[in-house]
Amino acid sequence: MPHLYLALSHPTPQALDLPLLAQELTALVALELSKQHELTALRVSLHPAQDWFIGAQALQQEASYHLVVQITAGTNSEAQNAQFIEAAHHLLCRCLGAVATASYVVLQDLDAASWGYSGHTQAARHHASTLRASRLKSM
């Protein structure tokens, strides 16, 4: 299911509650994108302000983030994607405080045959569930 990668820079990173942020982002993905909570993976990386540039200038006193959410192509509508991007931005602003305008949320649609988890592609999982449903229907 979804994989999230959150890169962020914050003036006081020690003040961040990363476990709480992980809980809230995972819940948001389940709510807004209808993804399975227990299969949502999140990777967080913290970057010092002097290593984060916007408009060729290092960050000063504000935070910034870049959130990439990898999902299977075609599983969400444009409206769901827009709602998620807005809600994720509000969540990150609430958790991080003052956030640079050029902070991004990216929904990366991946072909079902090109990614998966536990050694199986999403396409193979869909095919297997379709076969099971067909067999049950014919019984």
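Arg-94 is exposed, with a relative accessible area of 56%. In this predicted model, Arg-94 forms a salt bridge with Glu-24. The structure holds one salt bridge. The points below cover that pair and then the strands around β5.

**The salt bridge**
- The closest N and O atoms of Arg-94 and Glu-24 are 2.4 Å apart.
- The pair links distant parts of the chain, as Arg-94 lies in helix α2 (residues 78–96) and Glu-24 in helix α1 (residues 18–33), 70 residues apart.
- Side chains of opposite charge can pair when their charged atoms come close.

**Exposure of the two partners**
- Arg-94 counts as exposed because its relative accessible area of 56% is over the 50% cut-off.
- Glu-24 has a relative accessibility of 21%, so it counts as partly exposed, a class that lies between under 20% and over 50%.

**Strand β5 and its neighbours**
- Strand β5 covers residues 64–72 and is mostly covered, with seven of its nine residues buried.
- β5 pairs with strand β1 (residues 3–9) in the antiparallel sense, over seven bridges.
- Within this pairing, Ser-64 in β5 is the bridge partner of Ser-9.
- β5 also pairs with strand β6 (residues 104–110), here in the parallel sense and over seven bridges.
- In β6, Tyr-104 stands opposite His-66.

Notes. Residues are numbered from 1 along each chain as its sequence is written. This is a predicted model: local features need pLDDT of at least 70, side-chain atom pairs count only at pLDDT 80 or more; totals for chains, interfaces and linings use all residues. Side-chain values use heavy atoms; hydrogens and water are left out. A salt bridge is a side-chain nitrogen of Lys or Arg within 4 Å of a carboxyl oxygen of Asp or Glu. Helices (H or I, at least four residues) and strands (E, at least two) are DSSP runs, numbered from the N terminus. Buried means under 20% relative accessible area, exposed over 50%, partly exposed in between (1.4 Å probe, protein chains only). Two strands pair if DSSP finds at least two bridges between them.
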